[in-house]
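Here is a short report for someone meeting this structure for the first time. Look at the model below, then read on.

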Amino acid sequence: DVNVPPASGTCAAIPDSGVALRTVYSLVCSGWADLDTPLSYRFQTNPGYLVSNSDSNSGGGFIDLSGSQTQTYFNITLPPVTNSAIGAFSNLTLRTTVEDALGGQTRTLYFTLAQTT
């Protein structure tokens with residue numbers, strides 16, 4: 001049998017905009033289904049942002065925010081873009097990888113947060 005990766009779910013950031021270093025974002029996934037449980041979730045961001053104590057992710061130039069976890073959410077306050085001027089408007093690109101117990105993975109479509117500094 002071929003392992004089918006998790007499907008039918010969504011992931012989002014709440015709120016979808018905020019102020020760098022002040023707004024606490026909740027990255028939330030729901031509705032994911034797979035026969036091979038438990039499912040794990042990995043929340044990631046693009047490398048244009050400095051995130052301390054995170055491991056590099058070998059796929060696609062993203063770095064981990066949360067590591068692999070069974071919780072469907074992750075709360076975080078994010079730093080501004082390193083090359084952003086004070087008061088500049090910038091977008092933060094995020095993605096989530098959902099993995100089943102046998103290693104089947106689905107990466108969510110990228111979603112963005114609008115941040116001001």
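## Confidence in the model

pLDDT is the predictor's confidence in each residue, from 0 to 100. That scale matters here, for the model is predicted. The protein has a mean pLDDT of 80. Of its residues, 77% reach 70 or more.

Among the elements, S8 has the highest mean pLDDT, at 93. S9 has the lowest, at 74. One stretch, residues 49-59, has a pLDDT below 50. In the model this stretch has 28 contacts beyond near neighbours in sequence.

## Overall layout

The protein has nine strands and zero helices. Along the sequence the pattern reads β-β-β-β-β-β-β-β-β.

The protein has 117 residues, and 42% of them count as buried. Take the contacts between residues at least 6 apart in sequence: 63% of these join residues at least 24 apart.

## The nonpolar core

In soluble globular proteins, nonpolar side chains tend to be buried together. Here the largest nonpolar core has 18 residues. Those with the most contacts inside this core are Leu27, Trp32, Tyr41, Leu65, Leu78, Leu94 and Leu113. Six strands each supply at least two residues of the core: S1, S3, S4, S6, S7 (89-99) and S9.

What does tryptophan 32 touch, leaving out residues up to four places away in sequence? Its contacts include Pro6, Ala7, Ser8, Gly9, Thr10 and Cys11. Leu39, Tyr41, Val98, Thr106 and Thr108 are also among them.

## The disulfide

A disulfide is a covalent bond between the sulfur atoms of two cysteines. How many does a search of the whole structure find? The search finds one. Cysteine 11 and cysteine 29 form this disulfide, with their sulfur atoms 2.2 Å apart. The link of cysteine 11 and cysteine 29 is right-handed, with 105° about the S-S bond.

The pair links distant parts of the chain. Cysteine 11 belongs to strand S1 (residues 10-14) and cysteine 29 to strand S3 (residues 24-30). They are 18 residues apart. Both cysteine 11 and cysteine 29 are buried.

## Threonine 108

Threonine 108 lies in the loop between strand S8 (105-107) and strand S9 (111-116). Is threonine 108 buried or exposed? The cut-off for buried is under 20% relative accessible area. Threonine 108 has 12%, so it is buried.

Beyond residues up to four places away in sequence, threonine 108 touches Cys11, Trp32, Arg95 and Thr96.

## Aromatic rings and a charge

The count comes to one aromatic pair. Phenylalanine 43 and phenylalanine 74 have ring centres 6.1 Å apart and planes at 15°, so the pair is stacked. This pair also links distant parts of the chain. Phenylalanine 43 is in strand S4 (residues 40-45), phenylalanine 74 in strand S6 (residues 73-77), and they are 31 residues apart.

Phenylalanine 43 is buried, with a relative accessible area of 0%. Phenylalanine 74 is buried too, at 18%. Elsewhere, the charged end of arginine 95 sits over the ring of phenylalanine 62, 4.2 Å from its centre. Arg95 is also one of the residues that threonine 108 touches.

Most residues other than glycine have a negative phi, and most peptide bonds are trans. Where are the cis bonds described here? A cis peptide bond joins isoleucine 14 and proline 15, with omega about -5°. Proline 15 is in the loop between S1 and strand S2 (17-19). The peptide bond from threonine 37 to proline 38 is also cis, with omega near 5°. Proline 38 is in the loop between S3 and S4.

Serine 8 is not a glycine, yet its phi is positive, about 70°. Serine 8 is in the segment before S1. At a relative accessible area of 68%, serine 8 is exposed. Leucine 21 also has a positive phi, near 70°. Leucine 21 lies in the loop between S2 and S3. With 60% relative accessibility, leucine 21 counts as exposed.

Conventions:
Residues are numbered from 1 along each chain as its sequence is written. Side-chain values use heavy atoms; hydrogens and water are left out. Helices (H or I, at least four residues) and strands (E, at least two) are DSSP runs, numbered from the N terminus. Buried means under 20% relative accessible area, exposed over 50%, partly exposed in between (1.4 Å probe, protein chains only). Contact means heavy atoms within 4.5 Å. A disulfide is a pair of cysteine sulfur atoms within 2.5 Å. Rings of Phe, Tyr and Trp (its six-membered ring) pair if their centres lie within 6.5 Å; planes under 30 degrees apart count as stacked, over 60 as edge-to-face and the rest as tilted. A charge sits over a ring if NZ of Lys or CZ of Arg is within 6 Å of the ring centre and within 35 degrees of the ring normal. A nonpolar core is a set of buried Ala, Val, Leu, Ile, Met, Phe, Trp, Tyr and Cys residues joined through side-chain atoms within 4.5 Å.
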